[in-house]
Amino acid sequence: MTLVYEELTVAVLLGAVIGSFLNVCIHRLPLNESLLWPGSRCPRCRAAIHWYDNIPLLSYLWLRGRCRNCGRRISWRYPLVEALNAVGYGLIVWRFGFGKTALVYLLLWSALLVVSFIDLDHMIIPDRITVPGIALGLVVGTLLLPHWWDSILGLLVGGGLLYFIAWVSPYLFGKEGMGGGDIKLLAMIGAFLGWKPAILTIFFGGVLGAVVGLSLMAVRVIRREAYLPFGPFLSLGAVVVMLYGREIMDWYGSLLSGGE
């Protein structure tokens, strides 16, 4: 039990540290800036941030969410991303232990986190994440999934389904559906997780998107014609499937077998 707690502690701390770098990715990728140079700086006054002001979560609390140099507020998104990545790493290690599967899922979790916040901010999903992610997903997927072709089918089914939805949406609904970024994102998820999880990801992502969209319309936060970025919902769907996909598919299989 002590070893389990130690592994979880290491995972959470590692997640928080990597979450700090994810904030750099979220801010700089849409601007096509280097991720390595210059070092961390205040997004307001552009002053360099010293290492002791860049400790994940703790520095934000110590400085009360303000830049030491200019005193202006720093977005709550920075500690949120660090906390989400830390919690995600803890969940994955708790579910799968430290091993090959967990390492792959940790990588996917962080990629989905970056994609989600960039899509929320800019309504784009950068190819600099999804295209290399598809290639990496094919490599690790063919090594970890039950069959080597599961990863290839996951890419084709995931990307193909959203491409079909995007193609038919103008004819059925009179407006465009999924964007190219969403298609590549689900292709990446399918390459990592396989074709069945890719289908489940679409289902859960669609349900979550519909619930959130209808709720926001009900309280008049958005109008019916407003566009909601779909990347965060696909990412949430992928997280559900990543953590509990096997149990969900086993449960569904038991329902089918029980009905025969």
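L57 is found in the loop between helix 1 and helix 2, helices being DSSP runs of H or I with at least four residues, numbered from the N terminus. The model is a predicted one, in which local features need pLDDT of at least 70 and side-chain atom pairs count only at pLDDT 80 or more, whereas totals for chains, interfaces and linings use all residues. Residues are numbered from 1 along each chain as its sequence is written, and side-chain values use heavy atoms, with hydrogens and water left out.

Although L57 is not a glycine, its phi is positive, at about 65 degrees. The residue is partly exposed, with a relative accessible area of 29%; buried denotes under 20% relative accessible area, exposed over 50%, and partly exposed the range in between, computed with a 1.4 Å probe on protein chains only. R46, likewise placed in the loop between helix 1 and helix 2, has a positive phi of about 70 degrees without being a glycine. Its relative accessible area of 39% makes R46 partly exposed. The loop between helix 1 and helix 2 also holds P38, and the peptide bond leading from W37 to P38 is cis, with omega near -5 degrees. S59, by comparison, lies in helix 2 and counts as buried at 6% relative accessibility. Apart from neighbours within four places in sequence, S59 is in contact (heavy atoms within 4.5 Å) with Y52, D53 and N54.

The largest nonpolar core comprises 45 residues, and I92, L112, V114, L185 and M188 have the most contacts inside it. Such a core is a set of buried Ala, Val, Leu, Ile, Met, Phe, Trp, Tyr and Cys residues joined through side-chain atoms within 4.5 Å. At least two residues of this core are supplied by each of helix 1 (2-28), helix 3 (77-96), helix 4 (100-122), helix 5 (127-144), helix 6 (148-173), helix 7 and helix 9 (231-259). Helix 4 provides the largest share, 13 residues. Not counting residues up to four places away in sequence, L112 touches L185, M188, I189, S235, A238 and V239.

Helix 4 and helix 7 pack at an angle of about 170 degrees, with their axes 11 Å apart; axes are lines fitted to C-alpha atoms, for helices over the stretch in contact, and angles run from 0 to 180 degrees between N-to-C directions. The two helices are therefore roughly antiparallel, a term for angles over 145 degrees, while those under 35 count as roughly parallel, 65 to 115 as roughly perpendicular and the rest as oblique. V104, Y105, L107, L108, A111, L112, V115 and D119 of helix 4 form this contact with D182, L185, M188, I189, F192 and L193 of helix 7. These residues divide into 12 nonpolar, no polar and two charged, where Ala, Val, Leu, Ile, Met, Phe, Trp, Tyr, Cys and Pro count as nonpolar, Asp, Glu, Lys and Arg as charged, and the others, Gly among them, as polar.

Helix 7 (residues 180-193) also packs with helix 8 (residues 195-218), at an angle of about 140 degrees and with the axes 8 Å apart. Helix 7 is thus oblique to helix 8. In this contact, L186, I189, G190 and L193 of helix 7 meet P197, A198, T201 and I202 of helix 8, and the residues divide into six nonpolar, two polar and no charged. L186 and L156 are 30 residues apart in sequence and 9.5 Å apart in space, C-alpha to C-alpha. L156 is found in helix 6 and is exposed, with a relative accessible area of 54%.
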